[in-house]
Structures are given as C-alpha cells and as structure tokens.
Amino acid sequence: MTTFVDLGISLTAPGPSFSASSSTASITKPKDASLIAAGPSFLAYAQRTVAQRSFEDDDAHRAEQTKQGLAERVNGIEDDLGVGDEEESPELLMADPKKWKVKLDLDQYAVLGLSHLRYRASEEQIKIAHRKKVLKHHPDKKAKQGDSNDDGFFKCIQKAYEVLMHADRRRQFDSIDPYYVDLEDDVPTAETIERAKDPERAFFQKFGPVFAREAHFCASCPEEEVPKLGDMNSTKEEVEGFYDFWYNFDSWRTFEWFDKEMNEGSNSRDDKRYTEKKNKNERARRKKDDNARLRTFIDTSLSVDPRIKKIKQQEKEERERKQKARQGGRAAPQQKLSPKEKAELEKKAKEEQAKKEEEERLAKQAEKKARDAAKKKAKRAEKEAAAAAAAGGSAEGAPAA
C-alpha cells in the first residue's frame, strides 16, 4: 500500500529573470565511463564469493575472528618473533650489575637472550625479549617461588634494555661487542693457507667470513654494499677494486664504551678536563690499534690471494708474447710450435741480435773516426794560424832598407 507524506514545502514560481535556454546551456552531454572494482566493500564481496558465504555467515565468521583475537591478547598469546627464550648460563646469572660496562663480565645481548641476533636485532625484538626476561626474573616472582630475593640479574636486564634501546649507547657497545672481539684473534694466517691441501679453496673459506664480519663496521656505506671477496673467476678489475676499498676502509668503531668516569662527588673542572683528555687519548690509541690490526689482516690476504698470483702469471705471459712478436716470432697465441720451429725462431732472433750489435759497433767506430779526424783537423788549423801570426810579427819588426 502506498503512503503519501506531506512535507509542508510549497514551491514558488520562477522569477522574471529565469530563462530556460540559459539554465540548460551549461549542462554537458552524458558520456560513458568505466568503473573499477575496488574498496573495502568490493573486497568484502570478493571474500564472501570465494568462501561461498552469505551475509549472515560472513558476519558470524568475522565475529568469531574478533573473539579469537581478543582471547589471544588476554592469554598473552602473540608473535614473540622467536626471541628471549635463550637459557642463561650460571656465570651470566651471577653477573655483577655494577660492572655492566666491563666487556668480559656482561654481554648486553646475552642478558636479553639476543646473542643469536646481536646487532641485527630490531627494536621490537628487544622489547619482546625484555618483557619475557622481566616476567621470568622479576624479584617478586622469584620470592613467591621460594628463591632468594636477589635482584642482581634483574638489574642487569634493566641496564641491558636501557643500553640497547639507546641508539648512541648501543653503537658504543657494538663497537666492542665481546662476541666479535673474541673472533678478532681467530683469523687465518699465511701459514694456514700455504699448508692447506687445497690453498685456493682454503683461502676463500677462511678469509671470506672475516671480511664479511668486518663489513659491519663500514662507515662509508651500508654493510650490503661492501665489496665481497669473490672467487677465482673474479676479474682483475674486481680484485683491484676489492683491495682498494679495504685499504681505504673507514670504520665507525669509537671505543667510547671504555671511557673512565669521574670520581663520585668530584666537581673539579681540572678533574673533568683531565678525565676527558685521558679518555680521548685512550680512544685514539684503541682506534689506531684497530686500524693496524685490520691493515695487517688485509696485507696477509693480499699476500696469499691465489688470484693475485694468477693475474701476475697472465701478465708475464702477455709480456713474453708481445716480446716474441716484436722479435719476429708472431706465432698465433694458441698455436703450439714444434721443437724445430722453436729452435729456428731462437736462431733467427740470435742472428738478428748479433747483426744489430755489429751495426751498432760499426756505427760507434765510424763516429769515433770522425771525431778523431775533426780533432786532427782542428789542431792542424791552430798550428797553421800560429805559424802565420809568428811570420807576420817578424816581418813587421825587421828594419827598412
């Protein structure tokens, strides 16, 4: 049944200025346009169609998903990103929180269970690992379980979280990360490569990981852009570019982690200046030692790199080939000469060399004869001039008759 509603609106007639032609002059003609299926409504429609659900079924499905997500958050079920589950060693649990800046006493990443990620750990992973460690080692929880209320390791957890969540302090710790510092002493030597059964394979297996590890400290470019060691098929340009990069390597390691702090209660400016100067000198010394260590490693790599020997051998063969070509032995590079042909080429080269030496000797003799003849001629001219001068003088001095 149709229902009519009175809106109470009365329409007035158009004014005297109204013109039907002027009011419709600006209306454009209709044109075809294509509509693109997009937006949340279309996405919901596509999901219902694929799953073959009606509107009622789809609403029930979404309500179930929302309920499940709330339950997971209430029960603490979330993506932990695979961090914070490492077991602490007895030595780590007994670490003194007052010595948190001593590298051999407290590993900040190990405290939070991130020793497998280290500098690659993201902020989200650090937060999740910290939350897990706090729940596990909180003093109140330990007291309920009957453990002694020793909050030493809990303080270490808090200190590690503060360090790793602070960009500058984390970078300072990464500069002296005990894991990588211990590996600095475990580097291959020239003896290791020379004694290996397969020196070429041993070189890339031993030196490759060390270069990859040092690339993390590059200040000029990201770690991913640092040139790789390569393999035996690397070109001369690639090898030269690799060593040129590493001999000009710029490290961001600062060694500020070991700075000495002023004595508690001291407000003396002189003490502050002395401490700052001492810390600055100590950082410069450590930086110098680190650069020398890296330079020594690169020198060792260059001295045993099998590609360098290969390149030098190829250059030597190329020089010999060009020399033989200049001497007339223009044999094809891939042509193998017989012993007789080699002997003939050598004999021909010797004859040409002897002929060249003989020509040089004759030329020197002719030049010497020419010089001697010129000297004799000059001396003879001098004598004649002297004699003529003497004769002219005696004629002028004689008395007139």
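A crossing of two helices is called left-handed if the near helix is turned anticlockwise from the far one by less than a right angle, and right-handed if it is turned clockwise. The structure in which this term is used here is a predicted model, where local features need pLDDT of at least 70 and side-chain atom pairs count only at pLDDT 80 or more, while totals for chains, interfaces and linings use all residues. Residues are numbered from 1 along each chain as its sequence is written, and side-chain values use heavy atoms, with hydrogens and water left out.

The secondary structure of the chain comes to 16 helices and 0 strands, where helices (H or I, at least four residues) and strands (E, at least two) are DSSP runs numbered from the N terminus. Of the 401 residues, 24% count as buried, a class that means under 20% relative accessible area, with exposed meaning over 50% and partly exposed lying in between (1.4 Å probe, protein chains only). Among the contacts in the chain with a separation of 6 or more, 71% come from residues 24 or more positions apart, a contact being heavy atoms within 4.5 Å.

On the H13 side the meeting residues are Lys236, Val239 and Tyr243, and on the H15 side they are Arg307, Ile308, Ile311 and Glu315. This contact divides into 4 nonpolar, no polar and 3 charged residues, where Ala, Val, Leu, Ile, Met, Phe, Trp, Tyr, Cys and Pro count as nonpolar, Asp, Glu, Lys and Arg as charged, and the others, Gly among them, as polar.

A second pair is formed by helix H12 (residues 199-214) and helix H14 (residues 269-304), which pack at about 150 degrees with axes 12 Å apart, and which are therefore roughly antiparallel to each other. H12 also passes H14 in a left-handed crossing. H12 contributes Phe203, Phe207, Val210, Phe211 and Glu214, which touch Arg293, Leu294, Phe297, Ile298, Thr300, Ser301 and Val304 of H14, and the residues of this contact divide into 8 nonpolar, 2 polar and 2 charged.

Gln52, in the loop between helix H2 (40-51) and helix H3 (55-74), counts as exposed because its relative accessibility is 74%. Arg118 lies in the loop between helix H5 (108-111) and helix H6 (123-137), and at 3% relative accessibility it counts as buried. Leaving aside neighbours within four places in sequence, Arg118 is in contact with Asp107, Tyr109, Arg170, Asp177, Tyr179 and Tyr180.

Finally, Gln158 belongs to helix H8 (residues 152-164) and, at 28% relative accessibility, counts as partly exposed. Beyond its neighbours within four places in sequence, Gln158 is in contact with His130 and Val134. The side chains of Gln158 and His130 are joined by a polar contact of 3.0 Å, that is, a pair of N or O atoms within 3.5 Å, of which, within protein, one must be able to donate a hydrogen and the other to accept it, and residues adjacent in sequence count only if both atoms are side-chain atoms. Gln158 and Lys133, 25 residues apart in sequence, have a C-alpha to C-alpha distance of 9.6 Å.

Technical notes. Axes fitted to C-alpha atoms, helices over the stretch in contact; angles between N-to-C directions. Parallel < 35°, antiparallel > 145°, perpendicular 65-115°, else oblique.
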